[in-house]
Amino acid sequence: MKLNPALLFAIFPVILAAFALPSETGSRATADGAIARATRIPSSFRWNSTGALIAPKNDGRRVDGIKDPSVVFYDGRWHVFATTAVNGGWSMVHLTFTDWNQAGNAAFNYLDQSGIGSGYTAAPQVFYFAPQKLWYLVYQNNNAAYSTNPDINNPKGWTAAKTFYSRRPSIIDQNIGSGYWVDMWVICDASNCHLFSSDDNGHLYRSQTSLANFPNGFGEPVIAMRDTKERLFEASNVYRTEDGYLLLVEAIGTDGRRYFRSWTAAAIAGPWTALADTESNPFARANNVAFPNGQWTKDISHGEMLRSGYDQTLTISSCNIRYLYQGLSPTASGDYNRLPYRLALLTQNNSPC
Ligand SMILES: *[C@@H]1O[C@H](CO)[C@@H](O)[C@H](O)[C@H]1NC(C)=O
């Protein structure tokens, strides 16, 4: 059969478009030539913030600030894990509620009453590790630590801390300068679990172990990203979206206020492509957050997404994103370890879906 030339002309642009697809639909070639798939997440964000929803209580513990939240929705209840600042030291707390408008009434379940015990622990991350049917709490205690619990509703059920490493990995010693090794974060794909951390000195680290070996076997970290200390400070989050991965890292702005930058990648190992990563186009910063009930904070600091699931894949929906963060009164001052941080919720204002 002979091809009708008119038909050929008609379908030629379609064929051309099919071949051109990777560079014509918003996917980006990265510096080393790899193609990162674009996610459906928009490349600019606007948010509404609530006022402070979770604050220290008058419960005899003399908590100055509540910080670094991690959150899951499981079996009809929100579960928030957070750091408490007490007398200049850090420890952790759990609270649970069914609706955000009741978050402020939830009792604080102090995790020093569990196997974790007292002493320095901070910056928890919670997820359910489905292969072992166990909840994991990942946190910092001068090392990268974790505890497990078969029942998230039992705050006394967390095991004593174990660490992913017997000592701080040497690559961190070599790069940390006068920083701190903080904000451990675990996310797993179908074959591996990855551990991210920061050094408050411009380095984001990543190491990995197999899903079958988790929580054992993490290898020597690599530097996943580097920048100035201020532009790549701490509090990284990595999530799986519908079609890729999203990385958030907290930065210190030129105004001294905290904000979040963002990147996407096709795989957890990167390479990461800038999404909204500047002060004028941030992921979340005071300049893209509206405060319908009054601006109670200029810092949008350490927090986490409200996920669409609760397992080790850390899956989120890129529609109508909500983000639980720490903020504080712009006039607060004094010892960093005693600052009166509180928790509030961002709701995406420009969701395209
Ligand atoms: C954000 O706040 C404005 C002003 O109160 C309101 O009109 C709008 O519906 C809010 N958007 C979302 C997504 O909550």
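Modeller: The residues that line the largest pocket divide into 10 nonpolar, 6 polar and 8 charged, where Ala, Val, Leu, Ile, Met, Phe, Trp, Tyr, Cys and Pro count as nonpolar, Asp, Glu, Lys and Arg as charged, and the others, Gly among them, as polar. This is a predicted model, in which local features need pLDDT of at least 70 and side-chain atom pairs count only at pLDDT 80 or more, while totals for chains, interfaces and linings use all residues. Residues are numbered from 1 along each chain as its sequence is written, and side-chain values use heavy atoms, with hydrogens and water left out.

The largest pocket has a volume of about 460 Å³; a pocket is an open set of points, on a 1 Å grid over the protein atoms alone, with protein on both sides within 12 Å along at least five of seven lines, and its lining residues have an atom within 4 Å of a point. A volume is the space filled by probe spheres set on the points, which are joined across faces, edges and corners. Of the 24 lining residues, Gln140, Tyr180, Val182, Asp200 and Tyr336 are the closest to the centre of this pocket. Two or more residues of the lining come from each of strands E4 (63-74), E8 (122-129), E12 (182-188), E17 (244-252) and E21 (301-305), strands being DSSP runs of E with at least two residues, numbered from the N terminus.

The second largest pocket, with a volume of about 150 Å³, is lined by Met305, Leu306, Arg307, Ser308, Ile316, Ser317, Cys319, Asn320, Ile321 and Arg322, which divide into 5 nonpolar, 3 polar and 2 charged residues.

Turning to the cavities, sets of points where a 1.4 Å probe fits but cannot get out, the count comes to 2 of 30 Å³ or more. The largest cavity has a volume of about 70 Å³, and of the 14 residues that line it, Met184, Trp185, Ser236, Asn237 and His302 are the closest to its centre. Its lining takes at least two residues from each of E4, E8, E12, strand E16 (234-241) and E21, and by class it has 6 nonpolar, 6 polar and 2 charged residues.

The second largest cavity holds about 30 Å³ of space and is lined by Tyr165, Ile172, Trp181, Leu195, Ser197, Tyr205, Ser207 and Pro221. Strands E13 (192-198) and E14 (203-210) each give two or more residues to this lining, which by class has 6 nonpolar, 2 polar and no charged residues.

How values were computed: Helices (H or I, at least four residues) and strands (E, at least two) are DSSP runs, numbered from the N terminus.
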